[in-house]
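This briefing concerns charged side chains and their place in the fold. Please consult the sequence and the structure shown here alongside the points that follow.

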Amino acid sequence: MKEIAVIGFGVVGGGVVSLVDENAERITAAVGDTVHVKYILDLREFPDSPYADKIIKDFAVVEADEEVSLVIEVIGGARVAYDFTRRALLAGKSVVTTSIFFSFCGALPQAASSRQRGIRANRSF
């Protein structure tokens with residue numbers, strides 16, 4: 001099983017979590033293993049969400065969890081997104097981000113050095 005963490009649970013993050021959940025069979029076929037959202041990091045409360053039990057507020061939980069192999073960063077705010085992405089890479093996680101900001105602030109060289117250790121960093125637009 002592949003455990004992932006989604007950073008941000010707004011419109012995009014909520015959509016990512018729903019897509020992973022709703023397309024589990026297709027994702028499993030494509031990846032060759034089941035993919036499971038273990039954590040959703042957000043500062044807000046979502047007591048009525050069907051994913052409320054996955055919501056955490058401390059990124060250190062994601063960093064320390066060796067089962068989490070992928071972090072999907074879709075949080076608003078370039079500085080906090082950069083910090084979480086950098087910390088995830090340093091913790092040995094692969095990262096998918098929607099932030100074009102990283103092209104301009106030095107995160108991609110960090111990703112390149114991570115790639116040498118077998119960690120993938122993907123940037124999507």
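R86 and D83 are separated by about one helical turn, because the two residues are three apart in helix α4 (residues 78-90). The closest N and O atoms of this R86–D83 salt bridge are 3.2 Å apart, a salt bridge being a side-chain nitrogen of Lys or Arg within 4 Å of a carboxyl oxygen of Asp or Glu. The model is a predicted one: local features need pLDDT of at least 70, side-chain atom pairs count only at pLDDT 80 or more, and totals for chains, interfaces and linings use all residues. Residues are numbered from 1 along each chain as its sequence is written, and side-chain values use heavy atoms, with hydrogens and water left out.

- A network of salt bridges links E63, D83, R86 and R87.
- R86 has a relative accessible area of 30% and is therefore partly exposed, the classes being buried under 20%, exposed over 50% and partly exposed in between (1.4 Å probe, protein chains only).
- D83, at 26% relative accessibility, likewise counts as partly exposed.

- D65 forms a salt bridge with K38, and their closest N and O atoms are 2.7 Å apart.
- This pair links distant parts of the chain, 27 residues apart: D65 is in the loop between α3 (59-64) and β4 (68-73), whereas K38 belongs to strand β2 (residues 35-41).
- D65 counts as buried because its relative accessibility is 11%.
- K38, with a relative accessibility of 21%, counts as partly exposed.
- The count of salt bridges comes to seven.
- Side chains of opposite charge can pair when their charged atoms come close.

**Overall fold and surface**

- The protein has six helices and six strands, taken as DSSP runs numbered from the N terminus (helices H or I, at least four residues; strands E, at least two).
- From the N terminus on, the order of elements is β-α-α-β-β-α-β-α-β-α-α-β.
- Of the 125 residues in the protein, 37% are buried.
- Among contacts (heavy atoms within 4.5 Å) between residues at least 6 apart in sequence, 64% join residues at least 24 apart.
- The accessible surface comes to about 7,100 Å², and carbon and sulfur atoms account for 56% of this area, by the Shrake-Rupley method with a 1.4 Å probe.
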